[in-house]
Protein chains: 4
Amino acid sequence: MRTGIWLIGARGSVAVTALIGAAALRARLVDATGCVTELPPLRAAPLPAWSDLVFGGHDVVTLPLLKKAETLAAAGVVPGRLVTALADELGRTEQELRPLPSGDTQAETAGRIADDLRDFRDRHGLDRVVVLNVATTEPVVAEHPAHGSLDALRAALGEAGTVLPPSSLVAYAAFEAGCSFVDFTPSTGARLPALAELAARAGVPYAGNDGKTGETLVKSVLAPMFALRNLRVTSWSGLNLLGGGDGANLADPAANAAKVASKQRVLGDALGYQPEGTSRIDYVAEIGDFKTAWDLITFSGFLGTGMRMEFSWHGCDSALAAPLVLDLARLTAAAHRDGRRGALPELGFFFKDPLGDGPSALAAQWDALTGFAAGLTR
Amino acid sequence: MRTGIWLIGARGSVAVTALIGAAALRARLVDATGCVTELPPLRAAPLPAWSDLVFGGHDVVTLPLLKKAETLAAAGVVPGRLVTALADELGRTEQELRPLPSGDTQAETAGRIADDLRDFRDRHGLDRVVVLNVATTEPVVAEHPAHGSLDALRAALGEAGTVLPPSSLVAYAAFEAGCSFVDFTPSTGARLPALAELAARAGVPYAGNDGKTGETLVKSVLAPMFALRNLRVTSWSGLNLLGGGDGANLADPAANAAKVASKQRVLGDALGYQPEGTSRIDYVAEIGDFKTAWDLITFSGFLGTGMRMEFSWHGCDSALAAPLVLDLARLTAAAHRDGRRGALPELGFFFKDPLGDGPSALAAQWDALTGFAAGLTR
Amino acid sequence: MRTGIWLIGARGSVAVTALIGAAALRARLVDATGCVTELPPLRAAPLPAWSDLVFGGHDVVTLPLLKKAETLAAAGVVPGRLVTALADELGRTEQELRPLPSGDTQAETAGRIADDLRDFRDRHGLDRVVVLNVATTEPVVAEHPAHGSLDALRAALGEAGTVLPPSSLVAYAAFEAGCSFVDFTPSTGARLPALAELAARAGVPYAGNDGKTGETLVKSVLAPMFALRNLRVTSWSGLNLLGGGDGANLADPAANAAKVASKQRVLGDALGYQPEGTSRIDYVAEIGDFKTAWDLITFSGFLGTGMRMEFSWHGCDSALAAPLVLDLARLTAAAHRDGRRGALPELGFFFKDPLGDGPSALAAQWDALTGFAAGLTR
Amino acid sequence: MRTGIWLIGARGSVAVTALIGAAALRARLVDATGCVTELPPLRAAPLPAWSDLVFGGHDVVTLPLLKKAETLAAAGVVPGRLVTALADELGRTEQELRPLPSGDTQAETAGRIADDLRDFRDRHGLDRVVVLNVATTEPVVAEHPAHGSLDALRAALGEAGTVLPPSSLVAYAAFEAGCSFVDFTPSTGARLPALAELAARAGVPYAGNDGKTGETLVKSVLAPMFALRNLRVTSWSGLNLLGGGDGANLADPAANAAKVASKQRVLGDALGYQPEGTSRIDYVAEIGDFKTAWDLITFSGFLGTGMRMEFSWHGCDSALAAPLVLDLARLTAAAHRDGRRGALPELGFFFKDPLGDGPSALAAQWDALTGFAAGLTR
């Protein structure tokens with residue numbers, strides 16, 4: 001089952017790390033550390049093989065893939081030896097990247113995006129294509145009446161002006177082209193009633209939002225721990241220090257708000273109440289892709305005794321995100337092949353702010369994920 | 001179902017915190033924070049009510065309960081107002097405490113312990129008694145041929161000399177008296193073939209070992225997190241700084257060895273390999289009951305990228321342990337009533353080093369525990 | 001030398017902790033831990049004795065001192081036994097507290113404040129009075145043309161409207177009444193040219209600003225450490241989590257700005273450049289007076305190798321501030337007696353944002369302080 | 001003033017980082033970050049210039065310098081571009097390295113070492129040579145009667161058997177050859193009465209011991225901070241996790257003991273009492289040269305209020321040590337030229353366990369160092 005993966009933000013750190021990693025896995029230069037789909041219960045599932053994957057994508061920047069790969073190597077995100085060994089492969093993928101199109105109306109822009117997707121599928125004889133958003137986070141978007149129904153949306157897109165944020169326009173185009181869609185960012189993406197309607201009609205699945213790679217991942221196991229021990233979390237405060245492209249973007253308070261909200265949601269879900277405290281994001285260019293998050297949790301135990309826990313997480317965001325991007329592409333493609341349409345809440349394991357009403361505790365999300373994989377037909 | 005709880009080490013910090021807490025819960029002076037049996041899925045189980053519990057116990061020290069309670073209040077472990085309000089109640093329990101008996105042979109000592117247990121049960125008309133070991137940790141014990149079978153053990157106990165460590169002698173006496181047994185410490189307790197044989201014959205259940213209250217609790221959710229994300233833990237090192245009675249005892253390398261081993265076991269179980277590193281315990285009198293543990297975890301992700309996580313846990317050991325002691329007493333009594341005999345691996349949720357081959361990940365242990373509770377007959 | 005200490009914000013946590021502490025020192029119930037003036041080189045200086053100190057003060061709130069003291073004891077800031085032992089003494093000081101006066105113009109208000117100060121001095125036959133601001137932090141204040149000269153200020157104060165923020169009006173009144181002034185807060189206080197002129201004319205000294213009790217104290221030794229080793233600090237970011245009265249106030253971004261600026265100043269001074277990063281303050285009611293600060297410092301060493309340091313500081317702000325308040329009162333009173341007038345830059349050791357151009361490294365500030373003390377005439 | 005630097009352990013991480021760094025500084029490929037002698041007050045001192053330095057050394061291992069340099073680059077300790085650019089230079093230094101000689105008696109071994117030193121000096125026409133020990137730490141050494149006087153020592157060295165540990169034999173040989181000596185390790189080195197006597201007779205200076213690069217450096221500013229604020233440190237505990245050559249060696253309890261003792265000494269010196277707690281060293285191969293140290297400090301303030309501070313230090317030991325090695329060589333050579341003989345306590349700034357009775361607070365050590373530099377004659 002030849003599967004295309006079309007990356008929105010294809011020249012960014014996460015995308016290029018994923019491209020290098022997929023090529024290295026195909027060439028058996030690395031093991032699959034970090035790839036969830038290679039763990040025992042999922043490894044047996046009927047997913048596209050590493051050698052079935054073909055990559056393409058859109059980006060607004062033009063930095064050559066190889067240049068970006070060298071930057072990542074210099075920063076310690078990927079090993080330099082892989083960049084050297086895979087330079088030819090990156091050169092071939094370079095040919096599959098396109099500038100993000102734009103037209104006079106959003107309908108026209110979406111049409112051109114969909115054309116690029118169809119062209120990619122046809123050129124490579126792909127069974128299906130997953131469109132995966134790893135572009136930088138958008139500002140929170142104002143509601144628009146046309147978001148409520150597909151008919152209203154189609155009418156509005158045909159006129160001048162901006163109805164959909166870029167991530168949602170891409171989801172629209174993906175669905176129109178019969179492609180599935182995964183949003184790895186906190187942007188709006190497919191989370192609009194009109195787009196749910198379109199996905200259902202087009203018979204394609206989608207998943208999201210906001211890949212869970214660091215502080216929130218830890219929260220999704222620690223918050224249930226406190227809950228299962230009936231300890232009362234009285235405050236939970238955090239600070240995320242990060243550089244890199246997404247860091248600069250998140251310094252914008254509008255984008256920040258979306259991310260911060262999705263970071264605290266897990267606490268209310270796991271604990272049954274929202275403890276005091278917030279999770280902040282600060283941009284520190286110097287820190288680059290190796291994010292540091294610090295959290296302080298105060299809690300009270302038996303007879304009201306006050307206690308504390310702190311943790312620091314020093315993670316490389318791109319190295320944590322890239323294998324999950326590949327996992328999500330394989331799983332979503334398999335769901336598509338199996339005839340699933342609409343939201344895939346079973347993939348909540350991967351996200352800070354999952355679609356649907358699934359569990360927020362990591363262990364429960366894992367059960368949902370393995371159940372999903374077990375149900376895939378060969 | 002009137003249930004006796006007989007505490008070995010009844011004048012220690014954990015026991016006295018449990019006594020104060022149980023009295024405060026009966027008097028509705030506090031809520032049940034920290035009590036796992038009060039969480040939704042367990043709350044519905046047919047367990048003895050708080051008002052069904054009667055306390056007694058053995059200790060080698062003679063410090064009056066009220067004095068110990070005042071010390072705990074001064075150290076911030078329990079609120080002073082509870083000690084004042086419950087002074088009469090503590091005075092009544094004081095009457096139920098006995099010095100740990102001793103005889104010319106271990107058989108004779110065990111006989112006297114069993115007499116104390118029967119006397120306690122008869123005096124209060126109890127349906128059953130749970131014997132709970134919260135005494136300080138023993139040194140690791142040498143194997144002895146008589147540990148292998150009940151007949152050999154009985155013969156050996158009748159002679160002069162030491163065959164069983166104190167915790168195991170107590171378990172022996174408990175089983176002889178028809179009582180269940182829970183070991184909250186890393187001591188040997190019931191973990192000998194001869195004692196398993198006796199419990200089976202006597203028709204009583206037992207649980208253990210080593211209450212999971214701090215660093216290991218956190219490990220039991222973090223290690224599965226790394227495993228579920230297919231991240232490779234390359235080292236996991238820790239330092240536990242603690243004062244208090246158990247702290248001084250654990251500074252003894254012999255006792256320390258038992259505890260340190262049980263602290264790292266969860267890693268191998270959850271990860272499938274044993275990462276580099278050890279977990280140390282240091283006694284710092286000044287720190288008292290408010291233990292600080294620090295762990296450094298190094299791990300590698302996709303393409304071998306190295307990352308790190310640190311956590312510090314500042315917990316009050318007695319406040320964390322006491323509600324679990326009450327939970328275990330209620331659960332073990334209910335199992336006893338239901339006719340369970342032998343080890344109770346379903347209670348692994350509570351222990352660093354659980355009996356049997358159960359899971360070591362906290363979420364899986366929780367599932368086992370709620371399954372156990374759901375199976376109890378009313 | 002009988003010395004009055006007049007506290008602005010006399011019913012707040014810092015002031016009441018200082019009152020209890022001074023009474024306890026006089027009664028020899030505690031040792032002088034935390035009091036810098038009791039260290040060897042300063043102990044020999046001719047400062048007012050503990051028994052020479054008389055306390056009074058203003059506040060806008062009316063909570064009785066004893067009530068506030070009990071609250072502090074419940075929160076673990078002061079020992080309950082001291083509150084019990086010193087209840088009578090607190091009752092006597094209660095008689096010396098006055099509501100902060102207010103008049104139709106700021107000149108009238110200042111006149112009433114000065115009357116209270118003169119009345120306090122006369123009633124107790126005091127040689128001199130130090131006015132000490134420990135009220136909550138004010139918002140940053142807009143410049144006003146009348147701040148530039150004493151004549152313009154006097155004219156403006158006589159008219160309707162607000163020319164000076166409360167802290168500066170208090171400094172004005174103190175100088176008019178011949179009292180010295182210390183600002184332990186980041187508020188404007190005496191830092192206006194018109195007030196410098198008045199202090200010079202009145203022949204009184206003043207000191208400030210913003211007591212250095214936690215994160216900034218640590219910065220004032222760590223930043224010089226990096227500088228002396230020629231290590232390049234590439235970023236320094238921090239988060240301060242605090243509850244309590246000042247915490248709530250600092251959640252106001254306007255007040256916050258003043259504090260945050262004074263917190264980063266030490267870095268530029270000690271390093272010779274301003275590293276990336278900011279120091280944030282978040283209000284977490286639950287945390288109360290026991291503030292937690294976390295800082296991440298990234299630095300580069302020989303050949304550009306990147307390294308990191310983190311620290312967490314869990315300090316009780318009132319317990320850290322109160323002894324310094326007493327130290328400052330003793331030192332400022334001695335300076336006043338010695339005929340010093342105007343700013344006292346030698347007291348920079350105590351402040352985040354010291355007056356004058358003194359050193360910002362703690363060790364150099366200590367040298368300046370001991371030099372100052374050695375120069376005091378008996 | 002052409003100055004030779006003879007490194008004992010010349011193929012180790014610290015030595016090779018120093019070699020690369022010195023070559024890079026000469027070639028102006030890097031700035032002098034991490035070099036204390038390039039800070040303003042020392043930069044003006046009459047020290048040998050970077051271009052005056054010539055390197056040679058002994059080692060027991062035979063790994064080529066370039067190979068070691070490549071390993072360091074792969075581990076992120078030095079930039080790969082420098083290794084490439086300086087390969088020729090490293091090749092030239094390779095020619096100056098010798099296997100550590102050995103003879104039938106220690107006298108014979110010392111004679112061969114001294115011959116190597118004289119040969120190095122003559123071959124390059126050097127004004128003087130500094131012998132610098134950066135070999136791995138030795139086990140603590142048993143006392144020997146011959147350590148007490150030079151005559152006894154000379155007699156004993158001529159017989160079979162081991163009188164001096166390797167570091168002391170090197171110091172002996174250095175002094176015999178008229179070279180100064182610096183011990184950057186906690187080994188015995190020159191710290192024996194017989195060697196002090198020899199240095200005095202030979203008219204050469206020496207310095208040591210145990211370079212202060214991480215946890216102890218931080219202690220040397222934090223301990224004085226607590227002291228200057230009259231805060232009582234009630235416990236100070238630490239854990240050092242390190243890999244690399246010296247890490248493996250320090251896992252040996254005998255070597256460990258020396259290091260641990262020198263790590264806590266600064267506390268007693270700075271505080272005037274020894275707080276509870278120890279500083280542990282654990283070997284974790286995975287961590288390599290990037291050491292992590294964690295310290296917990298508990299302290300009490302005014303009225304006995306308990307507080308805490310924690311820090312984590314993630315430092316690259318070789319990158320921290322190498323520039324100090326170069327600093328020490330320049331300073332010791334200048335002292336030698338100026339006719340200084342015997343111990344140089346003014347260099348205590350660089351050491352965990354300085355020779356002589358100098359201050360242990362970093363700021364005071366800095367004052368001693370700048371005083372020393374100011375006194376050097378041109």
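Q: Leaving aside neighbours within four places in sequence, which residues is A:Arg121 in contact with?
A: A:Arg121 is in contact with A:Leu126, A:Val129, A:Ala177, A:Gly178 and A:Cys179. Contact here means heavy atoms within 4.5 Å.

Q: Before I go on, what should I know about the model and the numbering?
A: This is a predicted model, where local features need pLDDT of at least 70 and side-chain atom pairs count only at pLDDT 80 or more, while totals for chains, interfaces and linings use all residues; side-chain values use heavy atoms, leaving out hydrogens and water. Residues are numbered from 1 along each chain as its sequence is written, and chains are lettered from A and ligands numbered from 1 in the order in which they are written.

Q: Back to A:Arg121, where is it in chain A?
A: In helix H6, residues 106–124. Helices are DSSP runs of H or I with at least four residues, strands are E runs of at least two, and both are numbered from the N terminus.

Q: Is A:Arg121 buried or exposed, and what is the nearest side chain of opposite charge?
A: A:Arg121 is buried and has no salt bridge. The nearest side chain of opposite charge is A:Asp122, 4.5 Å away. Buried means under 20% relative accessible area, exposed over 50%, and partly exposed in between, with a 1.4 Å probe and protein chains only. A salt bridge needs a side-chain nitrogen of Lys or Arg within 4 Å of a carboxyl oxygen of Asp or Glu.

Q: Backbone next. Which residues does the cis peptide bond in chain A join?
A: A:Gly208 and A:Asn209, with omega at about -5°. A:Asn209 sits in the loop between strand S6 (205–208) and helix H10 (215–228).

Q: And what about chain B, which residues are joined by a cis peptide bond there?
A: B:Gly208 and B:Asn209, with omega about -5°. B:Asn209 is in the loop between strand S6 (205–208) and helix H10 (215–228) of chain B.

Q: What's the phi of A:Asn230?
A: Near 60°, a positive value in a residue other than glycine. Most residues other than glycine have a negative phi, and most peptide bonds are trans.

Q: Where is A:Asn230, and is it buried or exposed?
A: A:Asn230 is in the loop between H10 and strand S7 (232–242) of chain A. With a relative accessible area of 19%, A:Asn230 is buried.

Q: And phi for C:Asn230?
A: Near 55°, also positive. C:Asn230 is buried too, because its relative accessible area is 19%.

Q: Zooming out, how many helices and strands does chain A have?
A: 14 helices and eleven strands. The C-alpha trace spans about 65 × 50 × 45 Å along its principal axes.

Q: How much of chain A is buried?
A: 63% of its 378 residues. Among contacts between residues at least 6 apart in sequence, 77% join residues at least 24 apart.

Terms used
Lys and Arg count as positive and Asp and Glu as negative; His and the chain ends are not counted.
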